[in-house]
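Work through the exercises below with the coordinates open. Each task is followed by a solution in steps.

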Amino acid sequence: MAENITLEVVTPEKYVVSEEAQIVASPGMFGEFGVLRGHTPFMTALKVGPVRYTDAGGTEHCVFVSGGFAEALPDKVTILAESAERRREIDLERALAAKQRAEKRLAEERAREEIDFLRARLALERAIIRIRLAETRK
Amino acid sequence: MPTLKDIENKIKAVKKTQQITKAMNMVAASRLRGAQSAMESFRPYAGKFAEVLGSLAERSGEGANPLLVPREEVKNVHILLCTSDRGLCGGFNTNLIRRAEKLMVEKQQPGATVSFTFFGKKGRSWGRKSQQTIVDEQVGIVGTQFGFDVAATAGRKLVESFLKGEFDEVHVVYAEFLSMAKQLPVVKQLLPIPPIEKVEEADKEEVGAYLPEHICEPSPEQLLGEMLPRNVYVQVYSALLETSTSEHAARMMAMDNATKACKDMLENLTLVYNKARQAAITAELMDIVGGAEALKG
């Protein structure tokens, strides 16, 4: 068995994950990438999506991140996200409400300012991914 | 000469005030703990963020991003003033407002205008009274437990206005939490982003020897472009956290002083009360003795 790599997921409000992992898979700007111990130093922006990792005991975990940055070093992966939560902590009701709100706004504001439109679309994307993740939990 | 009853009432009133100030002190203390722990949990993120930003800045050229470039002509200066919503915290808000005022005067050169964003009611009411240009105002945030999204929303607006050319310079005035007894009003330039401190040579050997070899995806310049607006949000968030913590600390001190002042007053009043009581008793005794003498007569 290969050695483990340290995974840290940090948001401005708290440490979400600080754990040893066998493998970490994150949603990079240009597609999902996996990191094992001994990875070349690497830095990338992240998309909204799940960060999946297998802990030292072999259990799979899944953490939602709403974009941010990832830095991979040979023995450590640091993820800086604006918000992140473990799959079991996702608030499904809130995500559903956010989805509805975003859809409504998209329908209304199609004609108006572009920035608001973009923002609503991003909000929708976040909500959908949160819901999808929440639905896969046992 | 106040009567016995007057003094008694006064004592009761001061006692009640003391109870309130004591309670406010304790409330502030517990909120302070909350604010301090929020600051504590922000630190790892801020530290890591600065580290990554520094190493990126080092690798991309000067003027790589419009947020970094100072404007030649500074016409519109924007000030983000963080104050508390509530009073009863000593000179806390006055100091902040005075600092902002000083900055405003410095920036108000011919042809330049100054506009404001207010966080907190105290700053806002000053702005309204002195008829400043108010671009945005947020109340009910400082001093409570707020999330990063509040700072991100405010920061985003600032960045957008800056890029549109509505603001040429953005500063934030907030209270830095130095210690329980000391909170200092501080001015920090948010935009254009001041030159980012590069990783020091000495530190580089320990932490960052490998940094220059990072593979970046997309390019360092593009990554920097993604990070710089977030840097503004991070600064706003930290300013708000500092101000909240300082507010509670200032209120704790103010209430502690008030409680002490109440105690002193109570001591004095009790003394006066006892003297007056003694005087009254003596007067009554004199009366009785005088009356008895007269009857004997």
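A crossing is left-handed if the near helix is turned anticlockwise from the far one by less than a right angle, and right-handed if clockwise. The model is predicted: local features need pLDDT of at least 70 and side-chain atom pairs count only at pLDDT 80 or more, while totals for chains, interfaces and linings use all residues. Residues are numbered from 1 along each chain as its sequence is written, and chains are lettered from A and ligands numbered from 1 in the order in which they are written.

**Exercise 1.** Describe how helix 4 and helix 6 of chain B pack.

Step 1. Helices (H or I, at least four residues) and strands (E, at least two) are DSSP runs, numbered from the N terminus.

Step 2. Axes are lines fitted to C-alpha atoms, for helices over the stretch in contact, and angles run from 0 to 180 degrees between N-to-C directions. The axes of helix 4 and helix 6 of chain B lie 8 Å apart, at an angle of about 125 degrees. Helix 4 of chain B is therefore oblique to helix 6 of chain B (under 35 degrees counts as roughly parallel, over 145 as roughly antiparallel, 65 to 115 as roughly perpendicular, the rest as oblique).

Step 3. The crossing of these two helices of chain B is right-handed.

Step 4. Contact means that C-beta atoms, placed from the backbone, lie within 7 Å. Helix 4 of chain B contributes residues including B:Phe148, B:Gly155 and B:Val159, and helix 6 of chain B residues including B:Pro229, B:Tyr233 and B:Leu240. Twelve of the contact residues are nonpolar, one is polar and none is charged (Ala, Val, Leu, Ile, Met, Phe, Trp, Tyr, Cys and Pro count as nonpolar, Asp, Glu, Lys and Arg as charged, the others, Gly among them, as polar).

**Exercise 2.** How many residues does each chain give to the contact between chain A and chain B?

Step 1. Chain B gives 21 residues and chain A gives 21 residues. On the side of chain B, helix 1 gives the most, with seven residues.

Step 2. The side of chain B divides into 14 nonpolar, three polar and four charged residues.

Step 3. Strand 4 (residues 42-55) of chain A runs parallel to strand 6 of chain B, joined by three bridges. A:Thr44 stands opposite B:Glu217 there.

**Exercise 3.** Find the hairpin between strand 2 and strand 3 of chain A.

Step 1. Strand 2 (residues 15-28) and strand 3 (residues 31-35) of chain A run antiparallel, with five bridges.

Step 2. The hairpin connects these strands of chain A through two residues, and A:Gly28 stands opposite A:Gly31.

Notes:
Contact = placed C-beta atoms within 7 Å. Pairing = 2+ DSSP bridges.
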